[in-house]
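I opened my notebook for a new chain.

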Amino acid sequence: MGDPKYPSRVWKKPKRPLNYDFMMEDLNTLGNYGLKNKRELWKARTELSRVRHQARSLLALRQEIRAQKEPVLMKSLVKIGLVKSDATLDDVLNLAVNNLLDRRLQTIVQRKFTLKTPYQARQAIVHGHVSIDDRIITVPSYIVTVKEENNIQISPKFKIQSPVVNTEPEVIEEASTEQI
């Protein structure tokens, strides 16, 4: 059970953290999705592992029991947009971490409002400029459901600054070399 002040971890570390190819893949994913640290990636992997485990255990059940429990899992995954409504348990087993990371509020805000970087989207969310149905969400890792996706709004106070572009060409004067 444990002390309520110290909740159990919701993530697991990778078994081989010093594998070079694995590390480079992780860093690429961190940059593409604007994650703060690897722990956010580990949480997503653990959640995906939990969903896959449920699908594998459903495949092992008898047909009558499976027919009762499978729609519950599939309905919850369709609700958050991980699978289509006509998906099977094989589609659930084929899910990747990127599918789950695409459903984060940070990623959806970046794509919907065409922000330049995921870090800019993260800053807008953390500073309270993003709301869903008049409810301000300040958690970048919030998983957005399909219903909520169309109701995401960004505050008019949030100004996207574009970099200042110098329209005048720079003139570089070359020093003339005179021979004496």
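**Entry 1**

I started with Thr114, which sits in the loop between helix H6 (105–112) and helix H7 (118–126). Helices here are DSSP runs of H or I with at least four residues, strands are runs of E with at least two, and both are numbered from the N terminus. The model is predicted, so I noted the limits: local features need pLDDT of at least 70, side-chain atom pairs count only at pLDDT 80 or more, and totals for chains, interfaces and linings use all residues. Residues are numbered from 1 along each chain as its sequence is written, and side-chain values use heavy atoms, with hydrogens and water left out.

I read phi of Thr114 as near 45°, a positive value in a residue other than glycine. Most residues other than glycine have a negative phi. Thr114 has 65% relative accessibility, so it counts as exposed. The cut-offs are under 20% relative accessible area for buried, over 50% for exposed, and partly exposed in between, with a 1.4 Å probe and protein chains only.

I found Asp133 in the loop between strand E1 (130–132) and strand E2 (135–136). Its relative accessible area is 46%, so Asp133 is partly exposed.

**Entry 1: the whole chain**

I listed eight helices and three strands. Along the sequence the pattern reads α-α-α-α-α-α-α-β-β-α-β. Of the 180 residues in the chain, 32% are buried.

**Entry 2: rings**

How many aromatic pairs are there? I got one. Rings of Phe, Tyr and Trp (its six-membered ring) pair if their centres lie within 6.5 Å; planes under 30 degrees apart are stacked, over 60 edge-to-face, the rest tilted. Trp11 and Trp42 have ring centres 5.5 Å apart and planes at 35°, so this pair is tilted. Trp11 lies in the segment before helix H1 (20–33), and Trp42 in helix H2 (residues 38–60), so the pair links parts of the chain 31 residues apart. Both Trp11 and Trp42 are buried.

I also saw Arg9 over the face of Trp11, 4.9 Å from the ring centre. That rule asks for NZ of Lys or CZ of Arg within 6 Å of the ring centre and within 35 degrees of the ring normal.

**Entry 3: the largest pocket**

The largest pocket holds about 530 Å³ of space. Its lining has 23 residues, and Lys43, Ala44, Glu47, Leu100 and Ile143 lie nearest the centre. A pocket is an open set of points on a 1 Å grid where a 1.4 Å probe fits, with protein on both sides within 12 Å along at least five of seven lines; lining residues have an atom within 4 Å of a point. H2, helix H3 (63–79) and helix H5 (97–101) each give two or more residues to the lining. H2 gives the largest share, ten residues.

**Entry 4: the second largest pocket**

Here I noted about 150 Å³ of space. Arg45, Leu48, Ser49, Arg52, Arg56 and Val97 form the lining. H2 again has the largest share, with five residues.

**Entry 5: the core**

Which residues have the most contacts inside the largest nonpolar core? They are Leu77, Val83, Val92 and Leu101, in a core of 21 residues. Such a core joins buried Ala, Val, Leu, Ile, Met, Phe, Trp, Tyr and Cys residues through side-chain atoms within 4.5 Å. H2 supplies the largest share of this core, six residues.

Technical notes. Points joined across faces, edges and corners; volume = space filled by probe spheres on them.
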